Amino acid sequence: MNDEIRIPVSLPLDSDGFLRRECPTCEREFKWFSHEEGDADAEVVDQYFCPLCGVASSTDSWWTPAQLEYMNGVSGPAIDQYMQDSIEDMFKGVKGMKFKSNKSFTFGIETPDALVEPDDMMIAESPCHPHEPVKVPDETTKVHCLVCGSAFAI
C-alpha cells in the first residue's frame, strides 16, 4: 500500500470566484482569483507575492487557519478508513492469525461545518498581470502584484 493518500476537498469561493488566502509573513488575509483547471489565462508560477506586504512564498503556503482546520476535519473519515484498510492488509495472509476489523474505529476527528465565503474586500487588478486579480481589504491603497511582486496604487 502507498504511504501517501490524497483526499480531494473543495473550498468555497465568493460570488466573484475568489478564494480567501492568508500571507504566511504578515498573516493578513486577501483573496486571489481561482481559475478553472486548464485556464490559459492562469499564470504558472513557483511562488506568489503577498498583495499586502510584497513578500514571496511558495504556492502551497497560503492557507488560512480556518481552511486548514476544515481540510483536516473533512479528511477524518477517509483517514479512519485508510488506517483500517492498512491494518487489515498487514495481517492478511499471516498464518495462525485471524484479523477482525473494528468498524467503529476512529481517530475522533470531528467533521466541521461547511465553510462560507462572504463577498467582502475590493478587487485590484495589477497593470502587469491583469489576469491575476486579487481582492484586498477596502482600506488598502497600495498593492503588490501576485505574480511578480510589482507595487501599484489603487
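## A tour of the fold and its aromatic cluster

Of the 154 residues in the protein chain, 32% are buried. Keep in mind throughout that the model on screen is predicted.

**Whole chain.** The protein chain contains two helices and eight strands. Followed from the N terminus, its elements come in the order β-β-β-β-α-α-β-β-β-β. The radius of gyration is 21 Å, whereas the globule rule gives 15 Å for 154 residues, so the chain is more spread out than a compact globule. Along the principal axes, the C-alpha atoms fill a box of roughly 75 × 30 × 25 Å.

**Surface and contacts.** Switch to a surface view. The accessible surface of the protein chain is about 9900 Å², and carbon and sulfur atoms account for 51% of that area. For contacts, take those between residues at least 6 apart in sequence: 56% of them join residues at least 24 apart.

**Aromatic pairs.** Next, display the aromatic side chains. Searching the whole structure gives five aromatic pairs. Select F30 and W62, one of these pairs. Their ring centres lie 5.8 Å apart with the planes at 80°, and because planes over 60 degrees apart count as edge-to-face, this pair is edge-to-face. F30 belongs to strand β2 (residues 29-33), while W62 is in the loop between β4 (56-58) and α1 (65-74), so the pair ties together parts that are 32 residues apart in sequence. F30 and W62 are both buried.

Now move to W32 and Y48. Here the ring centres are 4.4 Å apart and the planes meet at 45°, so the pair is tilted. W32 lies in strand β2 and Y48 in strand β3 (residues 47-49), so this pair links distant parts of the chain, 16 residues apart.

**The cluster.** Select F30, W32, Y48 and W62 together. Ring pairs link these four residues into a cluster. Strand β2 supplies F30 and also W32.

**A charge over a ring.** For the last stop, select R21 and W63. Which part of R21 sits over the ring of W63? It is the charged end of R21, and it lies 4.4 Å from the centre of that ring.

Technical notes
Residues numbered from 1 in each chain as written. Predicted model: local features only at pLDDT ≥ 70, side-chain atom pairs only at ≥ 80, totals over all residues. Heavy atoms only, no water. Phe/Tyr/Trp six-rings, centres within 6.5 Å; stacked < 30°, edge-to-face > 60°. Helix = DSSP H or I, 4+ residues; strand = E, 2+ residues; numbered from the N terminus. Buried < 20%, exposed > 50% of the residue type's maximum accessible area, 1.4 Å probe, protein only. Lys NZ or Arg CZ within 6 Å of the ring centre and 35° of its normal. Rg over C-alpha atoms; globule rule 2.2 N^0.38 Å. Contact = heavy atoms within 4.5 Å. Areas by Shrake-Rupley, 256 points an atom, 1.4 Å probe, with all protein chains shown as cover.
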